Amino acid sequence: MSLLVVGSVAFDALETPHGKVERTLGGAASYFALAASYFAPVRVVAIVGDDFSAKDKAVFHGRQIDLTGVEHAAGKTFFWSGRYSKNMNERTTLATELNVFANFRPTLPGAYCDSSFIFLGNIDPTLQRSVLKQMKCKPKVVGLDTMNYWIERTPAELRETLRHTQILMINDDETRQLTGEHNLMRAAKHVFKMGPRTLVIKRGEHGALMVHNNFLFSVPAFPLEEVHDPTGAGDSFAGGFMGYLAREGRINDQILRRAMVYGSVLGSFAVERFGVERLTNLTLREINARARRFLKLTAFKL
Ligand code: AMP
């Protein structure tokens, strides 16, 4: 089933202990779409400037990624720059230039309005909600990402959008900030009162934790010998997770558990190279082989 994502498409400048790039394709929707497209057709809603060339777009070609919903506006594409510490656990944002992203008003092409699976990337909750309002049919599943900026500045709008969300995918700090609860289990109960039925807490190198109705499921981060660039790990996780759900076309406990594993698989591939590079040359065989390694990594007998 088709999956719609709304979010940023950007140019990033990145600096990690493994190197530096001045301008590479980035943005949450880019990572998400590339990761999800290994499982299901993806429809992208985003905005780019007139500096976004045919060559930049070509990265998405030849995959099941529909770019009809990517608006080209006069001006520059969103630009973000970040530097990682030696152990890569800390990231300093050096620049955020919203450019055309500042005037982004997501408009869905007619053909997108029947999407069954939706992922509302980290943007203004009012704009996230406007995407849902444009849907002709009620989507099967709505997933949402957000960040401290929106939790602090637009709490009422975020709450309203959460009422229409089934899966909330955020990190542990954001979970605590959103709910005012330090304990993540108690925080999950708060989240369920806000609307979502499933909370996926992304915990970087500590993996991810899912709380769904009355069960818990945890996956580790795949132990890699070398991480070149952690940018986009969370967005690639979300792409793998939602892409897998869209491929299955429905949700049950087992499907959600496998989606957690495929999310971790795509997140782990993303960080092996700079920017989106690794997500552009994966094979399903590699993806499935790594999913099987997760089985071995976590299996034990009692
Ligand atoms: P992550 O590593 O998951 O935080 O994702 C990093 C990606 O998010 C980069 O490619 C950036 O271009 C993009 N990004 C950074 N800041 C923002 C923002 N305020 N809104 C939307 N996207 C952003």
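Predicted model: local features only at pLDDT ≥ 70, side-chain atom pairs only at ≥ 80, totals over all residues.

Colleague: Which residues come nearest to the ligand?

Modeller: There are 14 residues around the ligand, and S8, D12, G27, R91 and G232 come nearest.

Colleague: What class of residues makes up that shell?

Modeller: Five are nonpolar, six polar and three charged.

Colleague: How far is the polar side-chain atom of D12 from the ligand oxygen?

Modeller: That distance is 2.4 Å. For R91, a side-chain N or O atom is 2.9 Å from a ligand oxygen. G232 uses its backbone: an N or O atom there lies 2.8 Å from an oxygen of the ligand.

Colleague: And how much of the ligand does the protein bury?

Modeller: 81% of the 510 Å² that the ligand exposes when taken alone.

Colleague: On to the rings. How many aromatic pairs?

Modeller: The count is 10. One of them is F39 with Y244, edge-to-face, 6.1 Å centre to centre with 90° between the planes.

Colleague: Where do those two sit in the chain?

Modeller: F39 is in the loop between α1 and β4, and Y244 is in helix α8, 205 residues apart. Ring pairs also link F39 and Y244 with Y262 in a cluster.

Colleague: Is F39 buried or exposed?

Modeller: F39 counts as buried because its relative accessibility is 6%, under the 20% cut-off. Y244 is buried too, at 2%.

Notes
Residues numbered from 1 in each chain as written. Heavy atoms only, no water. Near = heavy atom within 4 Å. Polar contact = N/O pair within 3.5 Å; in protein donor to acceptor, adjacent residues only side chain to side chain. Areas by Shrake-Rupley, 256 points an atom, 1.4 Å probe, with all protein chains shown as cover. Nonpolar A, V, L, I, M, F, W, Y, C, P; charged D, E, K, R; others polar. Phe/Tyr/Trp six-rings, centres within 6.5 Å; stacked < 30°, edge-to-face > 60°. Helix = DSSP H or I, 4+ residues; strand = E, 2+ residues; numbered from the N terminus. Buried < 20%, exposed > 50% of the residue type's maximum accessible area, 1.4 Å probe, protein only.
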